[in-house]
Amino acid sequence: MIITLTMNPSVDYLYKVDSLSSGKLNRVKLITKMVGGKGINAARVSAILGTETTAVSIIGGMNGDYILSQTKKDKFTSDFIRTNDETRNCYVILDKENVKTEINELGSAITQPVLSELEEKTESYIKTKDITAISINGSLPLNCPHNFYSNLIQKIRRFNQNIKILLDTSGKALKDCLDSGFLPDIIKPNETEIAELLNTEITTDAKTLQKNILANELLSNIPIIFVSLGASGSLIKHEDEFYRVTFPKVKAINTQGSGDATVGGILSAIDKHKSFIDVLKYGSAAGTANSLDVKTGFLENSVFDSVYQDVSVAKLEY
């Protein structure tokens with residue numbers, strides 16, 4: 001069984017336009033409203049792939065009611081903490097060339113009692129269920145202590161050393177956690193996020209990234225780094241080894257949530273005790289299959305199976 005934790009979920013709106021013009025009227029071609037939040041998206045994908053999954057999150061207001069009603073249709077188990085504050089909205093605007101513009105609200109401030117309840121809920125699952133992996137996902141809410149993620153990792157380790165911990169966040173939340181010394185087993189940055197961690201220019205060149213990661217003492221201590229490179233595939237660091245994951249080019253419909261779907265695929269493969277190579281293929285296939293669906297954080301099993309067959313993994317030499 002796996003658990004996903006989402007601190008700052010959302011209701012997501014996908015708008016499609018011919019072109020986005022600032023300061024002018026933009027007419028929408030397609031509107032899709034859906035439940036958002038990295039961990040919830042990952043949980044949905046993991047559950048679709050047949051893994052027993054529980055999504056723990058914090059919701060409130062009318063948007064919280066919407067999330068609760070919609071996730072009842074999903075295959076994962078939802079275990080949400082209710083607050084009096086409204087859950088945020090996030091917007092994605094795609095033009096006809098699939099150029100993406102995002103508008104994300106920050107979300108409501110969080111209180112210490114809610115944080116304590118989330119920690120207690122996580123501890124209860126670890127002590128009463130056979131948990132193989134936990135993913136910690138997304139941005140921190142307002143007023144949340146900057147060291148919340150590192151403290152949570154420390155507590156999970158204390159409860160059960162064997163649980164694999166995947167941290168999927170970015171920016172200051174990620175750097176603060178890594179600087180704390182309480183490291184997750186897996187992080188999943190994209191090319192922009194890894195460049196920020198390395199303090200280098202953005203690149204999708206595997207050899208350059210490999211060299212820069214090896215030279216970074218902090219990143220070299222993280223067991224698995226899964227760097228998503230979009231259409232260029234992925235670069236994966238596993239202990240002292242590096243792998244390149246590639247797949248045939250596809251005509252993406254909606255790339256929003258593909259990173260979350262990748263996390264869901266990785267978690268599912270871990271829970272199924274797949275080989276390390278299969279973990280990489282599961283993650284890559286799930287992310288790609290998500291991009292072929294208009295829904296965010298979603299895939300069809302038949303599409304996943306087809307893409308999985310075409311994923312290639314090659315070990316890189318130094």
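**Close-up views of a predicted model**

**View 1. Ser-258, a buried residue in a helix.** Ser-258 has a relative accessible area of 12%, so it counts as buried (buried is under 20% relative accessible area, exposed is over 50%, and partly exposed is in between, with a 1.4 Å probe and protein chains only). Its place is in helix 9, residues 258–271; helices here are DSSP runs of H or I with at least four residues, strands are runs of E with at least two, and both are numbered from the N terminus. Setting aside neighbours within four places in sequence, Ser-258 touches Gly-287, Asn-290 and Ser-291, where contact means heavy atoms within 4.5 Å.

This is a predicted model, so local features need pLDDT of at least 70 and side-chain atom pairs count only at pLDDT 80 or more, while totals for chains, interfaces and linings use all residues. Residues are numbered from 1 along each chain as its sequence is written, and side-chain values use heavy atoms, with hydrogens and water left out.

View 2. Val-294 sits in the loop between helix 10 (276–291) and helix 11 (301–310), and its relative accessibility of 33% makes it partly exposed.

View 3. The 12 residues of helix 4 (residues 148–159) should span 16 Å at 1.5 Å a residue, and the end C-alpha atoms are 17 Å apart, which agrees; the expected span is 1.5 Å times one less than the number of residues. Buried residues in helix 4 include Phe-148, Tyr-149, Leu-152 and Ile-156. The helix's buried residues pack against strand 1 (2–6), helix 3 (112–128), strand 8 (133–137), strand 9 (164–168) and helix 5 (171–180).

**View 4. Asn-162, out in a loop.** Asn-162 lies between helix 4 and strand 9, and at 67% relative accessibility it counts as exposed. Asn-162 and Arg-244 are 82 residues apart in sequence and 27 Å apart in space, C-alpha to C-alpha.
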